[in-house]
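Good morning, colleagues. I would like to take you through one model, chain by chain, and then turn to a few local details of the backbone.

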Amino acid sequence: MPTPMNNPAPATPAPDGGDRLNRRSFLRCGALAASGLAALAASLAPLRDLNDTMSVEEFLQKHYQEMTPEEMGKVLARITREVEKQYEVRPHVKDYKPMDGVEFVYALNLSRCIGCRKCVHACVAENNLSQDPEIQYIRVLEMPNGTFDMEKGRHDYDGGTVPREGHYYMPVQCHQCKNPPCVKVCPVKATWQESDGITVVDYDWCIGCRYCEAACPYWARRFNFARPSVPKERLNPNMSYLGNRPRQKGVVEKCHFCIQRTRAGRYPACLEICPTGSRKFGNILDPDSAVSYILKHKRVFVLKEEVGTLPRFFYYFDV
Amino acid sequence: MSWIKTYAQMLRRCIRVALDGDWRYHLWLGALAIVCLIGLNAYAKQLAYGLAVTGMSDHVSWGVYIANFTFLVGVADAAVMLVIPVYIYKNKALSDLVIFGQLLAAAAILMCLAFVVVDLGQPFKSWHLIPFVGKFNFPGSMLSWDVIVLNGYLLLSIYICGYLIYCRYTNQQPKAWFWIPFVLLSVVWAISLHAVTAFLYVGLGGRPFWNSAIVGPRFIASAFTSGPAIVIIALQVIRFVTRYQISDKALLTLRAIVQVSMLINIFLLANELFKEFYTDSLHVASAKYLYFGLHGHHALVGWIWTAVVFNLTAMVLLVLPASTSLRWLNLACVLAIIGIWIEKGMGLVIPGFIPTPLGEVIDYQPTLNETLISFGVWAFGLLLYTLMLRTTVPVLTGDITQANASQPTTPPTPGTAPLQDKPAH
């Protein structure tokens, strides 16, 4: 906005004693401004404890889907550098891409699951989930026989004495929906569905509004309320950009079917550890896969079918 | 382009008087500034340690920030309740007051934006939300709609106020084409603002408490109650501390609006309660938690019954002729504001998360730090509104005009700024 000199002067000095008055008010304004700035600085003092400041590189980083391979290379190098600095472990960070002709589906046998929670802990170890504060992608419910009302289920049952008579166990994790409400609501497209059916999060793009958490009908998403911490000796160095690389505070994460394993032809960690063989995983586009067989021949259902999310996570009974 | 010069001159002169006033005015500004700084201090802690310093969790992932945001969207809507009677029903008693309403809307929207920002886990990455610069999920995400309607409404309010005040400054009749279309647009915009904010919740199929078509109409009804109620109080403060004349007739016109809105609001609430409790399906759990407690958890019961009692009392007062006297009207307004703040804030946002989609009942209680941040944002908003009024009222009362631009702007005797020279009564 221009401030021309020939403008009718809005502030004409007062006729007498104006100079002194001006000097005094100048000093007063100066003192006021100085104490204001001091108060401002004092109120911002807690920022000294900010130990995870973002680099300019990360601040300006593009969205995952808009990065060229060279740009992705630089980002992976940055992540490697940062992980090495923080954990003193050299990670192998890759950007695993979906395979052609693959759509992953999970099937869980409720007749077999005994609620031992081994899957929960295998997931924590594989995916570098924070242990303080605790974050877990899988939640197992102990349900009394004869009901499907989850309000009647127990989350904090004692895992040492399972299975308990008269109960069945229902593990819940991200259902990788074909019609995911979490993706729809994200205001910045930081979460999306990939061609192999896995819904992923670009942790560097998420702004942490937690709208996806509110939208998910399966309580599958987790938010990093504090800076996640993983003990150095327990860090899994085999990492994926959209998967298990360390997250920052203030972003959302979720189960991604162990992208760093499954896109390299391996099974998810929760399946591998399961002592009862309750968990089945595979490519639904392959008619000979185990999951194709289960979906064709078993009594299969999905959770909360009425919300129209079309999960890729199926439960079944085989007795 | 001489209007730019004149406009800049007006702005400069208005800003110059922003801090002029007697000790009471300075005390008020100082107190607000201190609360702002305390809030900023609490926010600095939140930046350093993360949202773990709040009472929120993965179970209840939105708390008082989003609750206040929701309430303040309603306050911003109030402006339109002044606009409609003036421009559609030609009610002259309110015509000047539109400016006060639009300023209130602007301050409320800025508070809304502040509450959204303090709720973000990665506030520095909020540039991802800027259309064309970031990656805007429009029209998919209701939050992206909200970004548009909030900022659009802010611009509309600033433009309308700016133009009307400029006309007063230059002592000219506002040109219809320059503002009537914008005023009409702002009416539609205000309603869509609140509808979009309601859709933010309504569109979530996995949250039965919010997934109800009546939430939108209830939002609007409660906004049109609490908003004008706030304006009634604000106008009385304005006429108390400034020379600006506001007639009782204007306040009573607003009373009629609050009265009807409150009746509709209570009726819609009754509809919702009937549907929830008479059906008595599994979906009643959240409402049960809110009104009676669930599985031994009663965190919101005291709050919501306070709101119910306040709202019903306000309704009775507003219907009775007693509230044509300002004393009773003010009481009714204060009760309605508090009642709706509880109901639209804690009463709407929190129970939506309880029980969780997997059936857990986890209470939410805001922490001290979270509360200080919220107070800080409120103080910031009040500070803004105070400064906006302080700078515009002299133009409206004719103390600052283009005609007297060359005369000294300093008041004749120090300490008696135009804002303060009306004796207290």
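Let me begin with chain A, which contains nine helices and 12 strands. Please keep in mind throughout that what you see is a predicted model.

The overall dimensions of chain A deserve attention. Its radius of gyration is 27 Å, whereas a compact globule of 319 residues would have a value near 20 Å. The C-alpha trace of chain A spans about 100 × 45 × 40 Å along its principal axes. Of the 319 residues in this chain, 40% are buried. Taking the contacts in chain A with a separation of 6 or more, 65% are made by residues 24 or more positions apart.

Strands β11(A) and β12(A), the latter covering residues 313–317, run antiparallel and are joined by three bridges. In this part of the sheet, V300(A) stands opposite Y316(A) of β12(A).

What lies across these strands?

I turn now to chain B. Buried residues account for 48% of the 425 residues in chain B. Among contacts in this chain between residues at least 6 apart in sequence, 79% join residues at least 24 apart.

Next, the nonpolar interior. In soluble globular proteins, nonpolar side chains tend to be buried together. The largest nonpolar core in this model has 193 residues, and the members that touch the most others are A76(B), L104(B) and C112(B). Which helix gives the most to this core? That is α4 of chain B, residues 97–119, with 17 residues. Leaving aside neighbours within four places in sequence, A76(B) is in contact with A105(B), A108(B), I109(B), C112(B), Y153(B) and L193(B).

How do the two chains meet? In the interface, 61 residues of chain A are in contact with 55 residues of chain B. On the side of chain A that touches chain B, the elements giving two or more residues are α1 (18–43), β3 (139–144), α5 (181–185), α6 (211–215) and β7 (221–223). The largest share, four residues, comes from α6(A). By residue class, this side of chain A divides into 40 nonpolar, 10 polar and 11 charged residues.

Finally, some backbone details. Most residues other than glycine have a negative phi, and most peptide bonds are trans.

In chain A, E88(A) has a positive phi, near 55°. E88(A) is found in the loop between α3 (69–87) and β1 (92–94) of chain A. Is this residue buried or exposed? E88(A) counts as exposed because it has 10 C-beta neighbours inside 10 Å, and the cut-off for exposure is 12 or fewer.

In chain B, F132(B) also has a positive phi, of about 70°, although it is not a glycine. F132(B) belongs to the loop between α4 and α5 of chain B and is exposed, with 6 other C-beta atoms within 10 Å.

The loop between α4 and α5 of chain B also holds P139(B). The peptide bond from F138(B) to P139(B) is cis, with omega near 0°. A further cis peptide bond leads from I354(B) to P355(B), with omega near -5°. P355(B) is found in the loop between α12 (346–349) and α13 (368–396) of chain B.

Q245(B) is exposed, with 10 other C-beta atoms within 10 Å. The C-alpha atoms of Q245(B) and V80(B) are separated by 21 Å, the two residues being 165 apart along the chain.

How values were computed. Residues numbered from 1 in each chain as written. Chains lettered and ligands numbered in written order. Predicted model: local features only at pLDDT ≥ 70, side-chain atom pairs only at ≥ 80, totals over all residues. Contact = placed C-beta atoms within 7 Å. Nonpolar A, V, L, I, M, F, W, Y, C, P; charged D, E, K, R; others polar. Rg over C-alpha atoms; globule rule 2.2 N^0.38 Å. Buried ≥ 20, exposed ≤ 12 C-beta atoms within 10 Å, placed from the backbone. Core = buried A, V, L, I, M, F, W, Y, C linked by C-beta atoms within 7 Å. Pairing = 2+ DSSP bridges.
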